[in-house]
Amino acid sequence: MTVVVAMASLKGGTGKTTVCLNLAVTAEEAGLKTVVIDVDPQQASAKWGDLRAVTGRSPTVISAMAARLPQALESAEALGAKLIVIDTAAHAEGILVSSIDAADLVLIPCRPTIVDLQYLASTVQLTALRRKNAAVVLNAVQTRTVDRCQAEGAITDMGINLVPVGVSNLVAYARAITTGQGVTEFEPSGRAASEMRALFGEIAD
Ligand SMILES: Nc1ncnc2c1ncn2[C@@H]1O[C@H](COP(=O)(O)OP(=O)(O)OP(=O)(O)O)[C@@H](O)[C@H]1O
Ligand SMILES: [Mg+2]
């Protein structure tokens, strides 16, 4: 059985690509054959995939238009994927809806800011209308801050699941992606690496 996870948020810059690629690398390291499908016209995940393709490192990244998502999913399954992570685009409801419809689980990254929280409701509504399993991943958080606690409270009040592992605001996330890596490769014993393993564990459960 292949599980499809869509990274979704109507707001830009929430961490869709960061969480998508790190999750994919961590899943591969855990022995789960993983393929990323990039349907964002910005193609950030696909460009990261190009950097890795030079050395032939998995996961494979398939670049696709949202209208070709069914074909991309077939290609990923033909490659033996057990986990497919779809990186989607901000401000693009059509792309988001196709990706949500294809997913078994929708992960919604959200930063602990008022603007992100205001935007979050619209993404949550989309997943609810499509009757999808969805959960918010708080991204770029700092430990034990008021912002984080308030954001967690606001998300819980919306009645949506919150993944219990938050993703910290750490420079390792940006540096790893820039160098075509995941944080578990960039700094295997670092804090970002251990929280990514914990995040993967939660999602695998
Ligand atoms: N946890 C984090 N710690 C530090 N920097 C982060 C973190 N998450 C994301 N960033 C940085 O924030 C920026 C936006 O992140 P990312 O590209 O993952 O968001 P996105 O939702 O995919 O954006 P877009 O909507 O443009 O596709 C990037 O420069 C990334 O390196
Ligand atoms: Mg992105």
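How many residues surround ligand 1, and which are the closest? In this predicted model, for which local features need pLDDT of at least 70, side-chain atom pairs count only at pLDDT 80 or more, and totals for chains, interfaces and linings use all residues, ligand 1 is surrounded by 19 residues, the closest being Gly12, Thr17, Thr18, Ala90 and Ala174; a residue is near a molecule if its C-beta atom, placed from the backbone, lies within 6 Å of it. Residues are numbered from 1 along each chain as its sequence is written, while chains are lettered from A and ligands numbered from 1 in the order in which they are written.

The shell around ligand 1 draws at least two residues from each of helix H1 (16-29), strand S6 (133-141) and helix H7 (171-178), where helices (H or I, at least four residues) and strands (E, at least two) are DSSP runs numbered from the N terminus.

The protein chain contains nine helices and eight strands. Its radius of gyration, taken over C-alpha atoms, is 16 Å, close to the 17 Å that the globule rule (2.2 Å times the number of residues to the power 0.38) gives for 205 residues, so the chain is as compact as a globular protein of that length. Along the principal axes, the C-alpha atoms of the protein chain fill a box of roughly 45 × 40 × 30 Å.

Arg57 is found in the loop between helix H2 (44-53) and strand S3 (60-63), and the C-alpha atoms of Arg57 and Ala103, which are 46 residues apart along the chain, are separated by 25 Å.
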